[in-house]
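Here's a quick briefing to read alongside the model. Have the viewer open and follow the topics in turn.

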Amino acid sequence: MNHTADVKNVIKKNIEKNKNKKREKIIPNLFLLAASISILTTVGIVLTLAFDAYKFFAKVPLKEIFSTELAPLAVNPSFGILPLISGTIITSIIAMCVAIPIGLTAAIYLSEYAKESHRKILKPIMELLAGIPTIVYGFFAYSFVTPLLMNLIPSLGAKNALSPGIVMGIMIIPMVTSLSEDAMNSVPNAMREGALALGSTKLEVAIKVVLPAATSGIISSFVLAISRAIGETMIVTIASGSSKNFTLDITQSMQTMTAYIVEFTSGDAGSGTVGYYSLYAVGLILFIFTLLMNLLAQYISRRYREEY
Amino acid sequence: MKNLINNKENKVIYDVKNLNLWYGSDQALKNLDFTINENEVTAIIGPSGCGKSTFIKTLNRMIEMVPSVKTTGEILYRGTNLFDKSIGVEELRTKVGMVFQKPNPFPKSIFENVVYGAKIHGIRNKNQLMEIAENSLKSAALWDEVKDRLNDNAYGLSGGQQQRLCIARSLAIQPDVLLMDEPTSALDPIATNRIEELVEKLKKDYTIVIVTHSMHQAGRISDKTAFFLSGEVVEFGNTKDIFSNPKDKRTEDYITGRFG
């Protein structure tokens, strides 16, 4: 009985002590501050982008912006953004053509077929791919993949859209695999058992039960991967070059929005010139692109969420 | 009424012979030896961890999903050892349907749930699938409740309805045996009652094996009862005899609620 009394006393004292402590009031504010920093930074960046992009839009007529003529350093500069948008979209599409089939099948293997012990080793190794610096992927595309492809396609340019597209695809495979695998893994086992008990084979369970049940997670992994490809910079800067021609020919050099920004921030654009403000305009458009993609991913994962 | 049926005339569906089963080095089933007859309800009762779920999962080889499982002895299903390599596990499972503890419909429409099995086994004709869906849902006593919303998601149904949907899903591929692993443990008393009535009705056409931890349920719906304890069958026989006149002291203790 003595012990019981002691415990009660200690607890009572401790509660009294906590009542007066400033800690309980101050620390939550620190948490709030930390959370605000990232939000404030984002707001700051968006405002800067929007402010300077406005200067660009005020100077250049809309008709010129939505043209295919991009020649920012010519005597009569022209700022058509379509070549950049097509370059960005085409390289991203190539990347998805590589990443979706490979990433998804790898995810099916990991989630449905690999033994738990294998999965535990394979998944982190795949995720390591995501840790390779993009500049390494860039010269891998330029100095390895492009020469390789030249053997198959003799007309391929030294700088082209195909090779960085493929390498970007390889880069985002782990993202597709990892997120899709998470989605499939979270399909309850009871559902697999239900299908197996009806005489389904393992493949039928994977394709007809697990994949449909994981659709929302899988599609949002695709969309996030696309948004990553759109924002990717180094690979396309190195391997796709800086041709500002409007073309759909993937064997030729194309410039993406990100590569354009790299080229101009490396010293060509004098501060205050239209070319300088065009950077902000391109940056803003890029930001809107990826923002839309992320919103789309969120919408899809909510809209198609299977209830189970 | 059910005891008016002469059990000796019923055909043997499962003949369990000296079955032992291990998870790794833990023995979960010990020397099981009994038979399960056609068109009867066989109840498996016993306290938690006695091996009753393990046993029912050997009857359609779902137990093989556990990687470290090892068995000796045999289970003859209509005369063939079901551990025999010549029996395809998918084929076995089309003949031996299973209903689980928690309702586990697929996240699809009610209609798609019922016809899933028929579809993967090659039936494509729309009218035929519709007929299958209607007949199976009627057999599972669910048709009247869902006939106007066959395209709604199955997860909009109540727990008891979901469980009857899972029964309909099993019946759709016209099995021979229906295994039920504590099918009412997640349901309220009214839903439980409906499932029990359904079991009573289904045994005309199917052989049913039901695991339950409710002795009352076993008493109400089964013809035969096997009492499991620590992986062994302590007593097996007509339900009526086991409940009115248990031969083993441990059975008596369990049935009278002294343990378990």
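Over all chains, the structure holds 23 salt bridges, each being a side-chain nitrogen of Lys or Arg within 4 Å of a carboxyl oxygen of Asp or Glu. This is a predicted model, where local features need pLDDT of at least 70, side-chain atom pairs count only at pLDDT 80 or more, and totals for chains, interfaces and linings use all residues. Residues are numbered from 1 along each chain as written, chains are lettered from A in written order, and side-chain values use heavy atoms, with hydrogens and water left out.

**Salt bridges**
- A:Glu263 and A:Lys244 pair up through their side chains, N to O at 2.8 Å.
- That pair links distant parts of the chain, 19 residues apart: A:Glu263 sits in helix H12 (residues 257–268) of chain A, and A:Lys244 in the loop between H11 (234–240) and H12.
- Between chain A and chain B, the count is 0 salt bridges.

**Chain A with chain B**
- The contact (heavy atoms within 4.5 Å) takes 19 residues from chain A and 22 residues from chain B.
- About 1,800 Å² is buried between the two chains, 64% of it from carbon and sulfur atoms; that's accessible area (1.4 Å probe) lost on putting two parts together, summed over both.
- On the chain A side, A:Glu193, A:Ala197 and A:Leu198 lose the most area to chain B, together 34% of what that side buries.

**Helix packing in chain B**
- The axes of H3(B) (residues 110–120) and H4(B) (residues 126–139) come within 9 Å and cross at roughly 115°, with axes fitted to C-alpha atoms over the stretch in contact and angles running from 0 to 180 degrees between N-to-C directions.
- Helices here are DSSP runs (H or I, at least four residues), numbered from the N terminus.
- H3(B) and H4(B) are therefore roughly perpendicular to each other, a label covering 65 to 115 degrees.

Conventions:
Helix = DSSP H or I, 4+ residues; strand = E, 2+ residues; numbered from the N terminus. Parallel < 35°, antiparallel > 145°, perpendicular 65-115°, else oblique.
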